[in-house]
Amino acid sequence: MGATAAAGHGPVYEALAALPLVDHHCHGVVTAGLGRERFESLITEGAAWPGISPFDSPVGVAVRRHCAPLLDLPRHAPAEEYLARRAELGPHEVNRRFLTAAGTAVFCVDTGYAPDHVTTPRELAEAAGGAAYEVVRLESVAEEIAARGVEPGEYAETFRTAAQAAVRQPGVVAVKSVAAYRAGFGLAPERPSDAQVTEAAARWLAGGDRLADPVLVRHLLWTAVELGLPLQLHTGFGDSDIRMHRVDPARLTDWLHLTAGTVPVLLLHCWPYQRQAAYLAAVFEQVYLDVGLTLHYVGPARAPEILAEALEITPFRKLLYSSDAYGVAEFHHLGALAFRQGLAGLLQERVDADELGLPDALRIAAWAGAGNARRLYRLATTDPVPEDGRD
Amino acid sequence: MGATAAAGHGPVYEALAALPLVDHHCHGVVTAGLGRERFESLITEGAAWPGISPFDSPVGVAVRRHCAPLLDLPRHAPAEEYLARRAELGPHEVNRRFLTAAGTAVFCVDTGYAPDHVTTPRELAEAAGGAAYEVVRLESVAEEIAARGVEPGEYAETFRTAAQAAVRQPGVVAVKSVAAYRAGFGLAPERPSDAQVTEAAARWLAGGDRLADPVLVRHLLWTAVELGLPLQLHTGFGDSDIRMHRVDPARLTDWLHLTAGTVPVLLLHCWPYQRQAAYLAAVFEQVYLDVGLTLHYVGPARAPEILAEALEITPFRKLLYSSDAYGVAEFHHLGALAFRQGLAGLLQERVDADELGLPDALRIAAWAGAGNARRLYRLATTDPVPEDGRD
Amino acid sequence: MGATAAAGHGPVYEALAALPLVDHHCHGVVTAGLGRERFESLITEGAAWPGISPFDSPVGVAVRRHCAPLLDLPRHAPAEEYLARRAELGPHEVNRRFLTAAGTAVFCVDTGYAPDHVTTPRELAEAAGGAAYEVVRLESVAEEIAARGVEPGEYAETFRTAAQAAVRQPGVVAVKSVAAYRAGFGLAPERPSDAQVTEAAARWLAGGDRLADPVLVRHLLWTAVELGLPLQLHTGFGDSDIRMHRVDPARLTDWLHLTAGTVPVLLLHCWPYQRQAAYLAAVFEQVYLDVGLTLHYVGPARAPEILAEALEITPFRKLLYSSDAYGVAEFHHLGALAFRQGLAGLLQERVDADELGLPDALRIAAWAGAGNARRLYRLATTDPVPEDGRD
């Protein structure tokens, strides 16, 4: 498990290379074969533009370096060879290899985003030899209600009931919101009134598709608080739908004050606001963070620095691991590898400089890679995870 | 003095380890014994939450690594042993050890924040074998006036008179504002009119406690300008009362243009906006900065990077040292140690790479650690500081 | 060429030291001799303040370290000796030495900013043994129209016609806007209506000098889009006229969506927003970036980190080189040196760690140093550049 992750040497590297990770936020992988164009579009938050291949970017370099060997190719194999070999092996074998190599014991899968046909949580976990739990994306719940049809005055209650039903399904451990994409974090912090929600719902139901009205986004976040499960929030890095200057998680401060004492809030991705996220994790009991998505996009060359910034003041029980991988199993592997190598590099260096004791370093590594997520989501502390926790 | 600070080797390390520092912004230490809960609450900007000890954070690791040996314990001693030994030695001896180890010759003490019973500036300096000066916190001056009772129409003049009297006390070298906490930096830059101040004062005096009205905060900053002393401003990092996205010091640019040619402005802490603060220091004659508070919270492992960012474009006469330590003398020591090691590491590396001449490196170190503050606050250039400079 | 640039060792250092650069955004150099005061004012974005010499700053240290040897002085020569030798050699010889040492094959010169008498693009290129192209600063075009006199209702058409004429001049390859300085990036993204432009023009023409009206700045940016040439935008770092919190290029996101599919947009300088700029370059086809100006101001000691942040997610075809040097030829040299050393250090380290293949590293270096600019501006792929491309 994770043998290729040990770029450096020392006991922290060894411990992290052997640690079964909890990937507390990820997605399924495409089960069909992928042509060059589709593969390239899945390894960028932009697109495959003429003359500018996503392979010619940090993540493309990382794929050719760290994924090619798992396809029996030399390190740094050219993109053409990589794609040809990928096609030759077929999606089932490719996915199996990367998911196994990730060394991930538990996947918490956001099932609310799937423009492609992707694996179910159970299928993902089975390919990896791990266990799966589910994360309910609340915008999807709301949009399904709108698609089925609802009176504006009934929207709030219908949404609440549907969300409650969704989180009661076996294996659901968290909810998620992409409020960052829909309205940014410049929202008024207070819970909107019933009348405001009805009025906003009337506007939305009359013509919209995506839930993006600021009042309804606020209502969604406040409904999340009532559900009692940890709430995952997209922050920072994403595709061009993001307005980066509006998704600094510090903008949530007033809301975090109002919702203190309710549910844990998990700030996902965070880059380039990992320091602001760390500040929130340091001063609000309920706030946790990860630098998922970011780590495989910047690759192992920069992952240590991103983790170092994220950890400048973050309490060690507040950092979690996620890949946020979607579509290609390369990212489930790369995310795990960049996390293991990056965190090991950071901790081992401090041990070697006698700034950190080895037992402390091993404890921090185990917490960030698995323990914090197991504690927060109340996962079983030993594998395998119960059957009803899958799919 | 500061023998434990020499983590690296070379003449810059030696010079900084031996340099008597000027800590241009700090607070007193608690004189009573501290139980675990109170100690933990004093080593975090958050709180001691169930299951998440502040010892399990970067600053906790730094305390166990760098403070334990001064209590005759091994490096990385467990928290329990640390606290037991601390109690055994008693607060007087503990404070004496850390304050002496800090190697600080001069303390400029903000006396306007003391939820605990803490040392006076004179007591602090005596325990350290150094000298003390005082920094007047203007919000405290204003709030004392309000507590004593004043007519709204008299507020402006009463505040000005009280502030003028406060800064005429022996040993006062600067004023300070926590406008960042109270209103953020999105304030209109202009001086408010007398009528506006009276109206705002009427609102505040009718019921408020903390001075947080934006008009009154602006008025406070403009009154500060008239006092003629350097003005210290909290920016960036702090507790959960901060709205981090509103305390980027760049938001002060319009106000800095309007007040150019008046008093020096010292940006305190700055993280995560150390680059924005550096920009202001590079383009406004009156702007100076430090990364106090930040350095001991991130610890010696990250202090070099924070200092490197703060110094990317900052003129070398514009960086000052402060600990911003409050409550526990560990922080007066850790702040000094992280500063000495961090700056020495940065400068020695550049000397070793022949990017910087050794005489220049030594000059920069002496300026940042003491000379810039002595020049700015017009402190005596040799110790000891005059008696009337203490308390 | 660039022999002094090889601070480290290895094939990437050698390749970058030998690479003829394309400096896609710079200015001319002063042709007269410079006294201490004027020289100091040209090596800072601030000013030469009493007691705070620009030589005592990162850029001053870099000048004394990397420029002194080209004047036959020892490394780290004192400022006085530096200036005396500079005067002794005379401006023509000084400029020749630095411009030759820069190893720049092509200069794209912004001719719209010249408070001093500076070289024409042709003169600059001839001193360097390179070729020159021109960048038209659109605010200057607009302000010339205003100075000559125009009716408000004619302003839009007159400006468009003048801009079209300006870009049809031989050797013009791009336009530039300093909207960041004039209005910040909090502009409404939509093209203003004709009536709005006429109304705003009436206000401006009645009394203003600098084009700073938000409606006219928006109009200028939309006019730029019609011109069909790449558009260079100042972002981030600059002098005290900048409001740093308003020039985060992420604030351009809505405008970038509306103008997608039109002209390339080149984000200049970017610091401290290099990560936000990288995000835009990763998700918008038309966005490119450089960290010009920043690199010589932070100097070779920090250039690798700035480049590393800028490249965390930037596609490798999206990074360009510029010096943004103005006034002193030291900066044309230092910018090139900091870029070569910084990028070489970053890439060679990754090659040495086997995170990047050497052929890939060499390709990335050649793209960033020259190829991306040649492709984007459709420059000849071999030197020399056609005669009509100069001045």
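Here is a short chat about this predicted model, from whole chain to single residues.

Reader: Before we start, what are the ground rules here?
Author: Residues are numbered from 1 along each chain as its sequence is written, while chains are lettered from A and ligands numbered from 1 in the order in which they are written. Side-chain values use heavy atoms, with hydrogens and water left out, and because this is a predicted model, local features need pLDDT of at least 70 and side-chain atom pairs count only at pLDDT 80 or more, though totals for chains, interfaces and linings use all residues.

Reader: How many helices and strands does chain A have?
Author: Helices (H or I, at least four residues) and strands (E, at least two) are DSSP runs, numbered from the N terminus. On that basis, the tally for chain A is 17 helices and 7 strands.

Reader: What is the radius of gyration of chain A, and what does the globule rule give?
Author: The radius is taken over C-alpha atoms, and the rule is 2.2 Å times the number of residues to the power 0.38. The rule gives 21 Å for 391 residues and the chain comes close to that, so chain A is as compact as a globular protein of that length, with a radius of gyration of 21 Å.

Reader: What share of chain A counts as buried?
Author: Buried means under 20% relative accessible area, exposed over 50%, and partly exposed in between (1.4 Å probe, protein chains only). Of the 391 residues in chain A, the buried share is 67%.

Reader: Which elements pack against the buried residues of α3(C)?
Author: This helix covers residues 58-66 of chain C, and 9 of its 9 residues are buried. Among them are Pro58(C), Arg64(C), Arg65(C) and His66(C). Taking contact as heavy atoms within 4.5 Å, their packing partners are α4 (79-89), α14 (294-298) and α16 (329-352) of chain C, together with α17 (358-376) of chain B.

Reader: Which residue takes a positive phi just after α7(C)?
Author: Helix α7 spans residues 138-148 of chain C, and its buried residues include Leu138(C), Glu139(C) and Ile145(C). Their cover includes β3 (131-137) and α8 (152-167) of chain C. Just past the helix, the residue with a phi of about 100 degrees is Gly149(C).

Reader: Is Asp324(B) buried or exposed?
Author: Asp324(B) sits in the loop between α15 (303-310) and α16 (329-352) of chain B. Its phi is positive, about 50 degrees, although it is not a glycine. With a relative accessibility of 10%, Asp324(B) counts as buried.

Reader: Where is Pro272(C) found?
Author: The peptide bond from Trp271(C) to Pro272(C) is cis, with omega near 5 degrees. Pro272(C) is in the loop between β6 (265-269) and α13 of chain C.

Reader: Which residues are closest to the centre of the largest cavity?
Author: A cavity is a set of points on a 1 Å grid over the protein atoms alone where a 1.4 Å probe fits but cannot get out, and lining residues have an atom within 4 Å of a point. Of its 27 lining residues, the closest to the centre are Gln276(A), Tyr273(B), Gln276(B), Tyr273(C) and Gln276(C).

Terms used: On a 1 Å grid over the protein atoms alone, a cavity is a set of points where a 1.4 Å probe fits but cannot get out, and a pocket is an open set with protein on both sides within 12 Å along at least five of seven lines; lining residues have an atom within 4 Å of a point.
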